[in-house]
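Subject: Structure handover

Hello,

Here is the structure you asked to see. Please open it alongside this note, and read on for what turned up.

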Amino acid sequence: MIEFFEANKDILLFTLAAGLKVLVFMGGIMGFAALLTLAERKVSALMQDRVGPNRASVFGFAFNGLFHPIADAIKMIMKEDFVPGRAEKLLFTLAPFFALVPVLALFAVIPFGDYVMVFGYQLDLQIADLPLGLFLVLALSGMAIYGVFLAGWASKNNFALLGAMRGAAQMVSYEVVLGLTLVGLLMIYGSANLQDMVRAQGRLLFGAVPAWGVVLQPFAFILFLIAAIAENKRTPFDLVEGESEIIGYFMEYSSMRFAAFMFAEFVEIILVSMLAATLFFGGWQVPYLYETGFIFPGGSALPLDHYLVSALQVGSFSVKTVFFSWFLLVVRWTLPRFRFDQLMGLCWKALLPLALLNILLTGAALVALGKL
Amino acid sequence: MISVKKVNNRPLNFLERIYLWEIGRGLLVTSRHFFVNLFNPKKIVTVSYPEQRLPLPGAAGQRTRHRLKVRADGSPKCVACFMCQTACPAYCIRIEAAEYPDNTVEKYPAVFDIDLSRCVMCGMCVEACPEDAISMDTGEIPGGAGDRGELLMTRGDLLRNLPGEPSVKGAANRLANEYLEGKE
């Protein structure tokens, strides 16, 4: 037994560390997604000069609505789990999984910190350090279409099917733009590993400006944000579901199956925020913070403990994620919805040529600077 | 004369057509509201209704839950004349009259029911009352109930004077006043 542990020490430690990271990171994301369901209602309320939900209470303590996610979950579980008589039972059951699982799997490649030394063991703060992480992101986010389309088709409902068609058309179109905006980043960083891309953003331009993606590729950032919100199926691109007027692909879903689709949407908000932070805003990088502490451009330095540096980096990543989540909520509650022809026109006539132009300009700049 | 507001449908300029600049301006407006309200939650105009109430505006206080006024001797001011029951458009008032053993002038309501589940809060009963015995000035707004029975107000629920209000003296009828003075 002891020999077995000794012989397989590395792989066992790796498994243990990966399991721990999955538990902690996924737990954090699930908790944050649950809070986002509350935050969406609170942020929209505050933007519209309202108070928002504040009634759900435990033993008379409401904490300004903090218990509403729990109340919502209990309500969802208690609802009747209805399956239409003519629905494809198997696919109808599978569709919520197709919506939720790929989105959750994507978090594996997102680095939420550099590394921590724990008892001499180097713990990388990223669940899966894949060389082609960015392509996995694109591949798995393409999987989300299956959830939408299977749900619409398996419901055997014409309106759900129409919603699913709209959704599939929108997601396939914006997938292209999303992929093309990231090509510029691939050319600059020369790597598809997200951890490498974040490390590359730790350099300084002209000795003072952090070389974040948004500084190098501001154009790509705006295109990425638009395409990512469209991929996320949220306002101003929410004509997939259009909860108030037009009917979406999950109209036959109820109870926790419906909640799975809603939850997938909120997890996607976190995912888009984390991707925006990782690719364009330096991920876990804090400006001027290095492994040994702060080194400011003027030459002054502030040495910091290793654990403090790691905590600052993870905190920086969290703050960026929260900021972008907030930003997506504000966008969702500010802008009106696009018409379908406007949506498609924006994608194919505006965003796609601009993304291609961005690649051309990036390439030209790289050649001119002699970096290629 | 209909007031006409002229809309200036000028063509959009370049900044407005690419939409991003205007999105940014819109986001500024909404996020300004967000932060102002986040740091100044007291300024939000929302009233948390059951706990926090505003005074009813204007004459709305005269269209609240009914009451029957009480005389100084504890008897109802109502003389069971059926005026209100006749005037009621919702047929929600039910009166059964009875006679005092020693009073030949007045009757009194042995039963006075108002079914709030049918009442339309029109105030016709108050207008119709010749004795000014019924009024709708309690300031309480009838809400929902879990049971129809809870919405049926009987004589006991209705007979009350407002806090601080002196008990009603006298009646409209001269003979009734003489009788009342005789009782004192």
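Start with helix α2 of chain A, residues 9-47. Its axis comes within 10 Å of the axis of helix α11 of chain A, residues 306-332. The two cross at roughly 55 degrees, so α2(A) is oblique to α11(A). The crossing is right-handed. Keep in mind throughout that this is a predicted model.

Which residues make that contact? From α2(A) come A:Leu36, A:Ala39, A:Glu40, A:Val43 and A:Met47. They meet A:Ser325, A:Trp326, A:Leu329 and A:Val330 of α11(A). By class, the contact of α2(A) with α11(A) holds seven nonpolar residues, one polar and one charged.

Helix α6 of chain A spans residues 158-189. α6(A) packs on α9(A) at an angle of about 155 degrees. Their axes are 9 Å apart. The angle is over 145 degrees, so α6(A) is roughly antiparallel to α9(A). α6(A) passes α9(A) in a left-handed crossing.

The contact list here runs along both helices. On α6(A) it has A:Gln170, A:Met171, A:Tyr174, A:Glu175, A:Val177, A:Leu178, A:Thr181, A:Gly184 and A:Leu185. On α9(A) it has A:Ala220, A:Leu223, A:Phe224, A:Ala227, A:Ala228, A:Ala230 and A:Glu231. The classes for α6(A) with α9(A) are eleven nonpolar, three polar and two charged.

What does α9(A) meet in helix α12 of chain A? The residues there are A:Leu351, A:Leu354, A:Ala355 and A:Asn358. From α9(A), the contact uses A:Phe219, A:Ala220, A:Leu223, A:Ile226 and A:Ala227. This contact of α9(A) with α12(A) divides into eight nonpolar residues, one polar and no charged. As for geometry, α9(A) covers residues 218-231 and α12(A) covers residues 340-368. Their axes come within 10 Å and cross at roughly 145 degrees. The crossing is left-handed.

Now the strands of chain A. Strand β1 (residues 115-118) pairs with strand β2 (residues 121-124) in the antiparallel sense. Four bridges join them. A:Met117 has A:Gln122 in β2(A) as its bridge partner. β1(A) and β2(A) form a hairpin with two residues between them. In the turn, A:Phe119 has a positive phi of about 50 degrees.

Chain A also has an open sheet of three strands, in the order β5-β6-β7. Pairing is antiparallel. The edge strands are β5(A), residues 289-290, and β7(A), residues 301-303. Each of these pairs on one side only. Strand β6(A), residues 293-295, is joined to β7(A) by three bridges. One bridge pair to look up is A:Phe294 with A:Leu302 in β7(A).

Over to chain B. How confident is the prediction there, by average pLDDT? Chain B averages 87. At least 70 is reached by 99% of its residues.

Chain B has an open sheet of three strands too, with the order β2-β3-β5 and antiparallel pairing. Its edge strands are β2(B) (93-99) and β5(B) (152-153), each pairing on one side only. β2(B) pairs with strand β3(B), residues 107-115, over seven bridges. Among the bridge pairs are B:Glu99 with B:Lys107 and B:Ala98 with B:Tyr108. On its other pairing, β3(B) is joined to β5(B) by two bridges, again antiparallel. There, B:Asp115 has B:Leu152 as its partner in β5(B).

Last, the contact between the chains. How many residues does each chain give? Chain B gives 13 and chain A gives twelve. By class, the side of chain B that touches chain A has seven nonpolar, six polar and no charged residues. For the model as a whole, ipTM is 0.85 and pTM is 0.83.

That is the handover. Send any questions back to me.

Best wishes

Key: Residues are numbered from 1 along each chain as its sequence is written. Chains are lettered from A and ligands numbered from 1 in the order in which they are written. This is a predicted model: local features need pLDDT of at least 70, side-chain atom pairs count only at pLDDT 80 or more; totals for chains, interfaces and linings use all residues. Axes are lines fitted to C-alpha atoms, for helices over the stretch in contact, and angles run from 0 to 180 degrees between N-to-C directions. Angles under 35 degrees count as roughly parallel, over 145 as roughly antiparallel, 65 to 115 as roughly perpendicular and the rest as oblique. A crossing is left-handed if the near helix is turned anticlockwise from the far one by less than a right angle, and right-handed if clockwise. Two residues are in contact if their C-beta atoms, placed from the backbone, lie within 7 Å. Ala, Val, Leu, Ile, Met, Phe, Trp, Tyr, Cys and Pro count as nonpolar, Asp, Glu, Lys and Arg as charged, and the others, Gly among them, as polar. Two strands pair if DSSP finds at least two bridges between them. pLDDT is the predictor's confidence in each residue, from 0 to 100.
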